[in-house]
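Subject: Structure for you to look at

Hello,

Please find the structure below. My notes on it follow.

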Amino acid sequence: MKGTKRSLTEEYLYLELSQQIGGCIFPLHTSVTLFLLSYCDCKIFKVCLVLTRESADVSLLKSVLFKNVEIHITSRQDLPPVVQNCCLPAVVERPDHFCRAGLAVVLRHIIQKSYESDPSKKEILELLGFKKTCLKACAEVSQWTRLCELTIPLAIENFLRESSDQPPAIPAEILELEKKLSEPVRVHNDDKLRRQKLKQQKAAGVGPSLAKEKTKNKVHRQETSEEVDSSSANLELQVAFSKLLVQEEPASANREPSHIRKTKASDLPPLEHVFAEGLYFTLADIVLLPCIHHFLVIICKKLPEKLAEFPLLAAWYQRIQKVPRVKTAASQCGMQFLHLPELQTSSNEWHPNLDEVPCAEEQNDPSFIGGPRPTMTKLMEKGIEVMFSPHPCPTWTLDWNTLPAAVSPKEGKMSSDRALRKQQQLNNLVYVVTNQAKPGDRIVDFCSGGGHVGIVLAHMLPSCQVILIENKELSLIRAKKRSDELGLSNIWFIQANMEYFTGIFNIGVALHACGVATDMVIEHCIKTRASFITCPCCYGFIQNTSKFKFPKSEQFKKTLSYKEHMILCRFADQTAVQLPPQRRLIGKQCMCLVDLDRARAAEEHGYSVQVISMEPESCSPKNNMIVGVPI
């Protein structure tokens, strides 16, 4: 077909199949992936269902599988080795050295490959959203990715299991999604759109609350027909569906009237959700649709009185059916859409400063004194002082001149000065790793970027298996290119968030893993009882997450509040060479204290841990190494 390209690399898509309940494939990650394949009309992957339960009845799947793709059945033990070390879904290129794992990474890859195979399908690429960032941030740092990728699918699976025996409880995650749909939409040009909306309301002679009620009625009338009549819809729907139908977005022909232009931003009406992320249909809607569909099926059957509690979710569910190809894709996957009644939407007050309210923990700390010095003094009074362990071999260096060119960081597209500093950083990490590694060991380079650490280790330790794990695709592709030039056969590449790597390993290493990524690496190593060598970075990005609460160690918790610990983290980032020497010294001391807390926390899990300053210190403003060995 004209405009169609053939993929040069054969790719296998592996999907887990554990069970089927009421026309729904478990896990829901598999249902979501099959739905996206159908929506994109994607046939470029060899799809394999991986049976994780021997009792799974494959014959019952015919009614819920995407009809236009040939699907093969396999077992976990027959998977390529690299895939056996990852959570499914996963995509692997043959030969089996490059794997993509985890729902968001795999779905984004399917979208990209579908577009590459047929560039005329620009609407497919639009699923990745503004700046192509939809569900790109990992679930640990993005609450939205976590909700879509992890918590809602898991909550709906539990909901469906419970419903087979008794009336299930409504998942808290669904209530959270309903609340998110009530929040004002923020987009890159929302000021312009909100002024257009105000102009519409003024022209109609109604206030925001009455306009909202009229808008809702218009939306319902619009959704009774397959084609979208943008003239009868509100502004948000016009903007959303004009993009879907490849039309020009609505805009006023002339400059806005003076009274509209002079209206304060705080007095403009908020934009309302059309789709999950705001105005535009994105990958987030694809992920949520199979989940919400199966949730609503149970609600309508067993708890119909509860439907009224989800007017925005029901409206979204009705609206999404009008997106081109959604009904076709759903039908191919055995999803029969429900026809829901129109529900009354309760008015939602907009609180523009809601996100700016500090948490109670930060407000109610009467003993807090600002700045790093009082916090450092408080630690000193408890016997906690800045203290580095001696460097095991400060003058050791690789003989870079005798190594193949592709081993050097200079091959990673950086300046000669930066490449020299990167070589100095690598000298420190490689020395520690090579002195710990034994033949047959597995070494994981977490947050590997372009593979500077992993490629050197794979070259220096040919009897060890080296695994590079990185969330950014382009960085990992650059690393693979360098590896191919070297002919390395003891190296794997996994594009995934690190929690999707489930393999056993002996040593974990991370050079400049940002913020809590360092804590994630250490936690991953502790779970596997692996040694770790980490060089932290971006201390200012450290904050409490769903997994980590700071301070981490019992010793620091007894001394510092969360806010005092955050003061150390913020000042730990002030080590840049252009800063005054005294400021850099305080920054270095704060870095040490933050890393000592990490070290003490690891010691509580049975590790011997050292905080070491890399040599020379000028190799990086972030020049600490945390070295942990299980006792």
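Cys134 is buried, with a relative accessible area of 3% (buried means under 20%, exposed over 50% and partly exposed in between, using a 1.4 Å probe and protein chains only). The closest cysteine sulfur to that of Cys134 belongs to Cys148, and at 7.4 Å it is too far for a bond.

The model is predicted, so local features need pLDDT of at least 70 and side-chain atom pairs count only at pLDDT 80 or more, while totals for chains, interfaces and linings use all residues. Residues are numbered from 1 along each chain as its sequence is written, and side-chain values use heavy atoms, leaving out hydrogens and water.

A disulfide is a pair of cysteine sulfur atoms within 2.5 Å, and the count by this rule is 0. Cys87 is in no disulfide, its nearest cysteine sulfur being that of Cys86, 7.7 Å away. Cys87 is partly exposed, at 25% relative accessible area.

Next, the helices (DSSP runs of H or I, at least four residues, numbered from the N terminus). Among the buried ones are Tyr562, His565 and Cys569.

The axes of H6 (residues 172–182) and H12 (residues 311–320) come within 8 Å and cross at roughly 80 degrees. (Axes are lines fitted to C-alpha atoms, for helices over the stretch in contact, and angles run from 0 to 180 degrees between N-to-C directions.) That makes H6 roughly perpendicular to H12, a term for angles of 65 to 115 degrees.

Regards

Technical notes. Helix = DSSP H or I, 4+ residues; strand = E, 2+ residues; numbered from the N terminus. Parallel < 35°, antiparallel > 145°, perpendicular 65-115°, else oblique.
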